[in-house]
Protein chains: 2
Amino acid sequence: MNISILGSYTTQFGELWDQSLSDLCHEAVDGVLSDARIEAKQVEAVFVANKAAGNFENQHHLNALVSQFFSHFPPSMRIEGACASGALALLAAEYALLAGQYETVMVIGVEKMTDATSEETTHILSGAANNQNEWGSTFPALYGLVTQLHMKQFGTTRSQLSSVAVKNHHHALNNPKAQFHKEFTVEQISNSQLVADPLRILDCSPISDGAAAVILTTRAMTKKPCILGFGHGQDSLDLAHREVITTFAATQKAASQALEKAKVAIKQIQVAEVHDCFTIAEIMAIEDLGFFPKGSGGHATETGKTTIGGKVVINPSGGLKACGHPVGATGVKQLAYLSKTIENGEYSLGLTHNVGGSGATSVVHILGNKKL
Amino acid sequence: MNISILGSYTTQFGELWDQSLSDLCHEAVDGVLSDARIEAKQVEAVFVANKAAGNFENQHHLNALVSQFFSHFPPSMRIEGACASGALALLAAEYALLAGQYETVMVIGVEKMTDATSEETTHILSGAANNQNEWGSTFPALYGLVTQLHMKQFGTTRSQLSSVAVKNHHHALNNPKAQFHKEFTVEQISNSQLVADPLRILDCSPISDGAAAVILTTRAMTKKPCILGFGHGQDSLDLAHREVITTFAATQKAASQALEKAKVAIKQIQVAEVHDCFTIAEIMAIEDLGFFPKGSGGHATETGKTTIGGKVVINPSGGLKACGHPVGATGVKQLAYLSKTIENGEYSLGLTHNVGGSGATSVVHILGNKKL
């Protein structure tokens, strides 16, 4: 594996009513080119991650829209896998690079969600569940079920759930691109409006607009962070087909593949951006990735082990919870954010974890400041 | 390049009101496994091509839906690029194979379109144009403009346009999976209902349901057709940004890349499945691919040079026009159909050509019965 992250860029995440889907793409393309200090024509291909521009914006040929920001129209394709679209687009780009098809490519993730009404957005997002088996169930409802069982099986508490949100909102204070810059107490999270018992509104990641981009290259780059490994796990689309729902097997598979490829142990990882679409999702992620034993993720969070300065820093960007979750952008933003912290010397070995649906698709990347 | 087409399968194309999106996927998965004579567990990954299941069927995690038909849940991703989604998914799969990530993968293309009303479908399909620059223009309207200019510049005639449809409906008689099994005369095509001057209803490919799948492998296979080359060209999303609209530069680029990779000349190609979303599109395709000089595609078709038995057989399946155009399935079906004709000994060297939008994305594959 010899892929370097030559540049990265993230737009502001938030309710960006003055920026169109196209504006967000354009800003991310210009931003990442500037960060990588390369000419646009050096980008040989573009991989675009997006979940539902066809629904949100009736834009059904987004790859071509992005290629149009280059005078040489690099070949492009869009990759989608619900909320894991970003990391799947990274994988497709990595395959093309490792195949020798291209030397330098751009991956851009984008979602423009806030032009739709809440009803429309709920309908669109629920489409990432299996509408044959779980008709009518929204994502908060599915994760609510998972949360109830996790609490029953492992004694995870309401205040442990809240501690995830408290931490991520605290971390987001350091990230100027984050959607929210507001601290909350455990009590505020625990007493916020109920959405799907026991999940409350402040357990949920927000609806967001935003884009993120990275430029990946197989050219020899000694001072840039590298992709050290990746893994891709899959599970049944719907929870109903699984024997266990408090562990996401897809994440376990993706993590073990990525760690094996990178030849590192999970305990060596210093920092991770994980898929905290709900507070319970972060607790499960840090367990399923292997950072903490099963059932102890809530306790680890509550006791500060995942806060900046702790044993392993989880979601320094603020995560989906506080940085925001423009769906197609999220997986790319995770890599963009961590690669900068590694380039800046804050960390030397990190992990990203991007999930689609209620654990059906899971992708893990490991990145570091040198080839190990 | 060492990729063999181990198996292929196409469902019936048509208005399949008794088959759901999921049913179509399931049939294609079972069909291609049976054709390839391998166990399901040998499929290491799945690449799913689909344009708009999120709009047509509110299914937003289609890759996970397809993985669910396997007990081992192979890792999967969805690839999209408007009507070129099928061929782009083939490319993504080929990159993964050539990178050594997998040895045997499935590519499945699917679209379930006929549950929507005509108004909904028109709205969804028009989203593949650039809604910022061409708001309100449908695909027939854009191709109508292209047709008018092609007729003016090159003297292409109304009856030459019709001869494309006559030929493809004739060819489809031999393809049991085709949506239409009905012959037409030039007069019937030319006098059918006007859609977007000069394009008439029988110049247009239909709205279709259907799925197609292939299994690709890098395992040594001496008796299976091989992928000999591929190319991927891109152009501006909207016609308004182009100096020339009667030639699709993206197709020229894709063809020259594919031919160079395969180390074959266009005149060696015996058969091609090209993207005839409208009759004019086939005329332009056989010119832009290099089968005939610019401006002579209409004449070549009218004089039988592209009919079975002619100089180069174009669209033996019936093409999009008569076989049908379930958008995400089309690019996969082209390869599935041709690979069978090569496996059966009818031809030894073929080409597929899949276009997204009005010439913005173009992908060409070259396949043959042995490594050249």
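Mentor: Start at Gly155(A). Gly155(A) is exposed, because its count of other C-beta atoms within 10 Å is 12, and a residue with 12 or fewer is classed as exposed. Keep in mind that this is a predicted model. Confidence is on record too: chain A averages a pLDDT of 95, and 97% of its residues score at least 70. For the model, ipTM is 0.97 and pTM is 0.98.

Now the backbone. Gly155(A) belongs to the loop that links helix 6 to helix 7 (158-172) of chain A. Gln268(A) and Gly155(A) lie 113 residues apart along the chain, and 28 Å separates their C-alpha atoms.

Step back into helix 6 of chain A, residues 139-154. Check its length. Its 16 residues, at 1.5 Å a residue, should span 22 Å, and the end C-alpha atoms are 22 Å apart, so the two values agree.

Next, its buried residues. They are Phe139(A), Pro140(A), Leu142(A), Tyr143(A), Gly144(A), Val146(A), Thr147(A) and His150(A). What covers them? The cover includes helix 5 (118-126), helix 10 (279-288), strand 5 (194-196) and strand 6 (199-200), again of chain A.

Turn to the nonpolar core. The largest one holds 252 residues, and Val107(A), Ile108(A), Val107(B) and Ile108(B) touch the most other members. Look at Ile108(A). Beyond its neighbours within four places in sequence, its contacts are Cys25(A), Ala28(A), Val29(A), Val46(A), Val48(A), Val66(A), Ala211(A), Ala213(A) and Val332(A).

Finish where the chains meet. Chain A and chain B each put 50 residues into the contact. On chain B, the elements supplying at least two residues each are helix 2 (53-56), helix 3 (62-67), strand 3 (76-80), helix 4 (85-98), helix 5 (118-126) and strand 8 (226-234). Helix 4 of chain B gives the largest share of that side, six residues. By type, the chain B side that touches chain A has 20 nonpolar, 26 polar and four charged residues.

The strands meet as well. Strand 3 of chain A (residues 76-80) pairs with strand 3 of chain B, antiparallel, over three bridges. There, Ile79(A) stands opposite Ile79(B).

Methods: Residues numbered from 1 in each chain as written. Chains lettered and ligands numbered in written order. Predicted model: local features only at pLDDT ≥ 70, side-chain atom pairs only at ≥ 80, totals over all residues. pLDDT = per-residue confidence, 0-100. Core = buried A, V, L, I, M, F, W, Y, C linked by C-beta atoms within 7 Å. Buried ≥ 20, exposed ≤ 12 C-beta atoms within 10 Å, placed from the backbone. Contact = placed C-beta atoms within 7 Å. Helix = DSSP H or I, 4+ residues; strand = E, 2+ residues; numbered from the N terminus. Nonpolar A, V, L, I, M, F, W, Y, C, P; charged D, E, K, R; others polar. Pairing = 2+ DSSP bridges. Expected span 1.5 Å × (residues − 1).
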